[in-house]
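The sequence and structure are shown first.

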Amino acid sequence: MKKLLGLMALVAAMFAFTACGGGNSPKDVAEQAMKAVKDKDAKTLVDLFDTADFEEEGESVQEQKDMLVAMYQEKLDEMPQTNAVKSYETLSESIAEDGNTATVDMKIEYENGKTDTDVVKLKKDANGDWKLDMDK
């Protein structure tokens, strides 16, 4: 997740993500996040975040999600096509012994021909669903 958050931070820094479909394994959620980045779909990406921490902030969870969607959508839309995600592949999935956290290693190919690897960190939310871990 550190690298995915790094990728998302990179998108935000250089150029200014409830799951839709699919299953809810760590691999499924990581792939949904990468698809959302590839499709420039900020709403789906933000819906994949564990928003439990938002409840501690002053604004409502929905207000904070709306702000994140607007921010990520702007950044994704501004991203040059050459730096966009062309394809991605899951290399491995590892669930911690306690069953509450996981990592997914991803290989990402960009439209500019470069490739990178990314570690997506996830955790279970209060409902037991896998979500992107924003804390890591």
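Two strands are taken to pair if DSSP finds at least two bridges between them. In this predicted model, four strands form an open, antiparallel sheet in the order β1-β2-β3-β4. β1 (85–95) and β4 (130–132) stand at its edges; each has a single partner strand, so one side of each is left without a neighbour in the sheet. From one strand to the next, the twist averages 35 degrees.

Strands β2 (residues 101–110) and β3 (residues 115–124) pair in the antiparallel sense over nine bridges. Within this region, K107 stands opposite T117 in β3.

Helix α2 lies across β1, β2, β3 and β4, and runs at about 160 degrees to β1. The helix comprises 13 residues (26–38) and reaches 18 Å from its first C-alpha to its last, close to the 18 Å expected at 1.5 Å a residue. Its buried residues are P26, V29, A30, Q32, A33, M34, A36 and V37. K40, which follows α2, has a positive phi, near 55 degrees.

The structure also holds one aromatic pair. The ring centres of F49 and Y72 are 5.9 Å apart and the planes meet at 65 degrees, so the pair is edge-to-face. The pair links distant parts of the chain, 23 residues apart: F49 belongs to the loop between α3 (42–46) and α4 (61–78), and Y72 to helix α4.

| Residue | Relative accessible area | Class |
|---|---|---|
| F49 | 2% | buried |
| Y72 | 10% | buried |

Note on methods: Residues are numbered from 1 along each chain as its sequence is written. This is a predicted model: local features need pLDDT of at least 70, side-chain atom pairs count only at pLDDT 80 or more; totals for chains, interfaces and linings use all residues. Side-chain values use heavy atoms; hydrogens and water are left out. Helices (H or I, at least four residues) and strands (E, at least two) are DSSP runs, numbered from the N terminus. The expected span of a helix is 1.5 Å times one less than its number of residues. Buried means under 20% relative accessible area, exposed over 50%, partly exposed in between (1.4 Å probe, protein chains only). Rings of Phe, Tyr and Trp (its six-membered ring) pair if their centres lie within 6.5 Å; planes under 30 degrees apart count as stacked, over 60 as edge-to-face and the rest as tilted. Axes are lines fitted to C-alpha atoms, for helices over the stretch in contact, and angles run from 0 to 180 degrees between N-to-C directions. Contact means heavy atoms within 4.5 Å.
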